[in-house]
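Please open the structure in your viewer and keep the sequence at hand.

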Amino acid sequence: MAALTLHHLCLRHLSLPHQTLSSSPQNPVKNLIFRQPLTQSSTFRFSTVAVKALSTVSVEDSPEKKMVKGIRVYEHGGPEVLKWEDVEVGEPKEGEIRVKNKAIGLNFIDVYYRKGVYKPASIPFTPGMEAVGEVVAVGSGLTGRKIGDLVAYAGTPMGAYAEEQVLPADKVVPVPSSIDPIVAASIMLKGMTAQFLLRRCFKVERGHTILIHAAAGGVGSLLCQWANALGATVIGTVSTNEKAAQAKEDGCHHVIMYKNEDFVTRVKDITSGKGVDVVYDSVGKDTFKGSLACLKTRGYMVSFGQSSGTPDPVPLSDLAPKSLFLTRPSMMQYNETRDELLECAGEVFANVASGVIKARVNHKYPLSRVADAHADLENRITSGSVVLLP
């Protein structure tokens, strides 16, 4: 109903004493429209139920809200701030799709946003930047995507920690039928990260010697496999014997147990004092200065994470003695265009299909237990990829 009149009011049923409605502009029920004007002294008796029922918009005119289960974060902090609750998911608008997630990738960037190292656009927010799911609704005027398609996305917008989410259609890529959704979810963000690090940030080629920190981690495992296939000599650092075995299986030619030995000394021994062409460092504070010391003249320091904390500031003069290059890249800037995204994801899926890289889905958690997954990831209990199941 667009407007209420006296004909809509059945006054004999509005019998609760002492609750009145006047035409005063200060009255909280201020959107009523009457055919006959009311004077300041005109009053009616209403029941509380009747007042709540009055509205200028009918229930039929209001779009139905769909609720699904998901994770919300109301304040930055430890894993305990990840709250499992009902979240609202809207209908897709023009250029958008709604996806029912089948598998969600866990990445260390999720921890950064949870802790406040990286700032979300607003609070509360739903974390998660990688998922694979089925298209269940398509916005108006959209072509190229249809209900039933299996799609994957990695990066922005954030919000993958939910049973369903609305996404821009140009941010998703089709998942080949030969690749399992869980494998695809485990490899989208990590695989595309490995692709831009090895193929575009610093182009690794046969004859290069490279150092990869956290070599048994989700990205580290893929970097080792891919770099080995490219013909590089791969040195990796790990924390346990189990992770050392995995790194060797993934193509690490030299594995350094950084808790038991100084990785800078070992790298110099392995390279006969020359140093490495590039360091891929996702650890940050604990390894940053040592990583710089491992580089050869005109070597590349690629700092793409900070699991141990933000590195201390480095004066530019520290780079001068060996004319070093230092970069802090992000996948989002390397996949800014649709063509870049499709090319990057296509190369990842092709390498999975050909066996160049193998996704190690070593851990699966229900999405409702994502707090446990975050704790295990931060405590370096996990190895390979971690997948959350809605």
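**A guided tour**

Begin by selecting V132, whose bridge partner in strand β7 is A152. This is a predicted model, in which local features need pLDDT of at least 70, side-chain atom pairs count only at pLDDT 80 or more, and totals for chains, interfaces and linings use all residues. Residues are numbered from 1 along each chain as its sequence is written, and side-chain values use heavy atoms, with hydrogens and water left out.

**Strand β7 and its partners**

Now select residues 150-154, which form strand β7. Strands here are DSSP runs of E with at least two residues, helices are runs of H or I with at least four, and both are numbered from the N terminus. Strand β6 (residues 130-138) runs antiparallel to β7 and is joined to it by five bridges. Two strands pair if DSSP finds at least two bridges between them. Strand β9 (residues 173-174) also pairs with β7 in the antiparallel sense, over two bridges; there, V151 stands opposite P174. Buried means under 20% relative accessible area, exposed means over 50%, and partly exposed lies in between (1.4 Å probe, protein chains only).

**Two cis peptide bonds**

The peptide bond joining T156 and P157 is cis, with omega about 0 degrees. Next select P124, in the loop between α2 and β6. The bond from I123 to P124 is also cis, with omega near 5 degrees.

**T126 and its neighbours**

Stay in the loop between α2 (108-115) and β6 and select T126. With 13% relative accessibility, T126 counts as buried. Which residues does T126 touch, not counting those up to four places away in sequence? They are I71, R72, M158, G159 and Y161, where contact means heavy atoms within 4.5 Å. The side chains of T126 and R72 are joined by a polar contact of 3.1 Å. A polar contact is a pair of N or O atoms within 3.5 Å; within protein, one must be able to donate a hydrogen and the other to accept it, and residues adjacent in sequence count only if both atoms are side-chain atoms. A polar atom of the T126 side chain also lies 3.1 Å from the backbone oxygen of I71.

**Helices α3 and α9**

Select helix α3 (residues 181-201) together with helix α9 (residues 338-354); their axes come within 9 Å and cross at roughly 110 degrees. The helix α3 is therefore roughly perpendicular to α9, a term for angles of 65 to 115 degrees. Axes are lines fitted to C-alpha atoms, for helices over the stretch in contact, and angles run from 0 to 180 degrees between N-to-C directions. To view the contact, display residues including A184, I187 and M188 in α3 and L341, C344 and A345 in α9.

Select T271, in the loop between α6 (263-270) and β13 (276-281). T271 is buried, with a relative accessible area of 10%. Finally, visit A214, in the loop between β10 (209-212) and α4 (218-229). A214 has a positive phi of about 55 degrees although it is not a glycine, and at 32% relative accessibility A214 counts as partly exposed.

Terms used. Angles under 35 degrees count as roughly parallel, over 145 as roughly antiparallel, 65 to 115 as roughly perpendicular and the rest as oblique.
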